[in-house]
Amino acid sequence: MNRKIFALVLAMTVVLSALAVGGGEKSVVTPTSALQWKNAGVPGVSTAVVSGDMAKGASRFYLKYAAGLVTPAHHHSPDHYVTTISGILVLTVDGKEHKLTPGSYFALTGKAPHVARCDGSEDCVMFIESQAPWDVVLEEKK
């Protein structure tokens, strides 16, 4: 099985698992061709929501970083759970770099500060399950 098919199967597994845990929701099936990518208000960053409302509560969505993008240090208020779908994401948490290739998973809880970098020539796409309204809070420079 090639990497892209594996990543797609993994993403769909995450989506279906999240729906099963969420309870009370209708089934959702969203092929990649139906994703509606929207600019996230930051150059090189876009999102595609598959369930919920990022601004109002729990949600599940794809997040895309353009190749070469480096975020400033930041955190998110809600706990969130992430699977890397494509690209090479380098995540720095607690001063340690983690190279995350497709299929990699991470959970950021308790407003964990982090920096993300999209290495290589391919965009980085992640699938995120957020437990509450999504935000981006920049860390104060020391």
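**Exercise 1.** Classify Glu 97 by its relative accessibility, and then work out which salt bridges tie it to other residues.

*Solution.* Glu 97 has a relative accessibility of 48% and therefore counts as partly exposed, where buried means under 20% relative accessible area, exposed over 50% and partly exposed in between (1.4 Å probe, protein chains only). The model is a predicted one, in which local features need pLDDT of at least 70 and side-chain atom pairs count only at pLDDT 80 or more, while totals for chains, interfaces and linings use all residues. Residues are numbered from 1 along each chain as its sequence is written, and side-chain values use heavy atoms, with hydrogens and water left out.

The next step is to look for partners, a salt bridge being a side-chain nitrogen of Lys or Arg within 4 Å of a carboxyl oxygen of Asp or Glu. Glu 97 meets Arg 117 in such a bridge, at 3.3 Å from N to O. Since Glu 97 belongs to strand β7 (residues 96–100) and Arg 117 to strand β9 (residues 114–119), the pair ties together parts that are 20 residues apart in sequence; strands here are DSSP runs (E, at least two residues), as helices are (H or I, at least four), numbered from the N terminus. Arg 117 has a relative accessible area of 25% and is partly exposed. Arg 117 also forms a salt bridge with Asp 119, with 2.6 Å between the closest N and O atoms. Through these shared partners, Glu 97, Arg 117 and Asp 119 are joined into one network.

**Exercise 2.** Find the salt-bridge partner of Glu 129, and decide whether the two residues are buried or exposed.

*Solution.* The partner of Glu 129 is Arg 60, with the closest N and O atoms 3.9 Å apart. This pair links distant parts of the chain, with Glu 129 in strand β10 and Arg 60 in strand β3, 69 residues apart. Both Glu 129 and Arg 60 are buried. The structure holds three salt bridges.

**Exercise 3.** Describe the geometry of the aromatic pairs formed by Phe 61 with Trp 134 and by Tyr 62 with Phe 127.

*Solution.* The whole structure contains three aromatic pairs. The rings of Phe 61 and Trp 134 have centres 5.1 Å apart and planes at 70 degrees, which means that the pair is edge-to-face. By the rule used, rings of Phe, Tyr and Trp (its six-membered ring) pair if their centres lie within 6.5 Å, planes under 30 degrees apart counting as stacked, over 60 as edge-to-face and the rest as tilted.

Phe 61 is buried, at 0% relative accessibility, and Trp 134 is likewise buried, at 16%. Tyr 62 and Phe 127 also form an edge-to-face pair, with 5.0 Å from centre to centre and 70 degrees between the planes. Because Tyr 62 lies in strand β3 and Phe 127 in strand β10, the pair ties together parts 65 residues apart in sequence. Together with Trp 37, these two residues, Tyr 62 and Phe 127, form one aromatic cluster.

**Exercise 4.** Locate the disulfide, and give its handedness.

*Solution.* A search of the whole structure finds one disulfide, defined as a pair of cysteine sulfur atoms within 2.5 Å. Cys 118 and Cys 124 form it, with their sulfur atoms 2.3 Å apart. The torsion about the S-S bond of Cys 118 and Cys 124 is about 95 degrees, so the disulfide is right-handed. Both cysteines, Cys 118 and Cys 124, are buried.

**Exercise 5.** Describe the surroundings of Ser 130.

*Solution.* Ser 130 belongs to strand β10 (residues 124–130) and counts as buried, at 1% relative accessibility. Its side chain reaches the backbone oxygen of Ala 132 at 2.7 Å. Leaving aside neighbours within four places in sequence, Ser 130 is in contact (heavy atoms within 4.5 Å) with residues including Ala 58, Phe 61 and His 80.

Methods
Polar contact = N/O pair within 3.5 Å; in protein donor to acceptor, adjacent residues only side chain to side chain.
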